[in-house]
Amino acid sequence: DQVRNELLLVSLGLAGALIAVLVVAPAPLRWAARGLARFERAARALVRTADALAGPLSSWPARSETFAWSLAYQLVSLTILYAVASHWPGVSWSAIYLGVPIALILSTLPITIGGLGLREGLFVAVLVPFGVSPERALALSIIWLASSLLAALTGLLILLTTPSPSSAGPDLPG
């Protein structure tokens, strides 16, 4: 129970940090781009993101709506994972809705390519204190990866089958 409370605090802290970044969004991205100047493509991507947050997403309504849609997407993804595993012994709502986001955020650390291996290990490390067996935690990680790939492939299919906009349309940045 102590570990669960500590993980709840970590989860709240990460959420607070993400909200703080949302408030001052362009500045940290530009700072990170300067730090990554030798990695030209990564630095350019960060600058483009900062430009978008300073341009089309600079108003609070636009940022709030974007944040709400992103949060809704994440909650749907977590709910799908919970629906798959809710009947497994030891898998609780807190393991899915608190533990999984912690593991996913930590798996973005640039330690491995695409978080492969890191994500799986973090699912085990974070979910075991919630009472999930290591085997089931690993299975949840694989299910998460499979559902993410399915969503990405669906997006690719939509992209490939959608006609491109006409050249008479407005110019979009990037």
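Which residues lie nearest the centre of the largest pocket? They are L18, F67, L71, Q74 and I105, and the lining has 27 residues. This is a predicted model, where local features need pLDDT of at least 70 and side-chain atom pairs count only at pLDDT 80 or more, while totals for chains, interfaces and linings use all residues. Residues are numbered from 1 along each chain as its sequence is written, and side-chain values use heavy atoms, with hydrogens and water left out.

**The largest pocket**
- A pocket here is an open set of points on a 1 Å grid over the protein atoms alone, with protein on both sides within 12 Å along at least five of seven lines; lining residues have an atom within 4 Å of a point.
- The largest pocket holds about 970 Å³ of space, a volume being the space filled by probe spheres set on the points.
- Helix 1 (2-23), helix 4 and helix 5 are the elements that give two or more residues to its lining; helices are DSSP runs (H or I, at least four residues), numbered from the N terminus.

- Helix 6 is largely enclosed by the rest of the structure, because seven of its ten residues are buried, among them L118, R119 and E120.

**Nonpolar cores**
- A nonpolar core is a set of buried Ala, Val, Leu, Ile, Met, Phe, Trp, Tyr and Cys residues joined through side-chain atoms within 4.5 Å.
- The largest one has 23 residues, and V100, F123, L127 and L140 touch the most other members.
- Helix 4, helix 5 (93-106), helix 6 (118-127) and helix 7 (134-161) each give two or more residues to this core, with the largest share, seven residues, coming from helix 5.
- Another core, of seven residues, lies apart from it and includes A25, L29, A33 and L53.

**An aromatic pair**
- The whole structure has one aromatic pair (ring centres within 6.5 Å; planes under 30 degrees apart are stacked, over 60 edge-to-face, the rest tilted).
- The rings of Y82 and Y97 are tilted, because their planes meet at 50°, with centres 6.0 Å apart.
- Y82 is partly exposed at 27% relative accessible area, and Y97 is partly exposed at 24%.

Key:
Buried means under 20% relative accessible area, exposed over 50%, partly exposed in between (1.4 Å probe, protein chains only). On a 1 Å grid over the protein atoms alone, a cavity is a set of points where a 1.4 Å probe fits but cannot get out, and a pocket is an open set with protein on both sides within 12 Å along at least five of seven lines; lining residues have an atom within 4 Å of a point.
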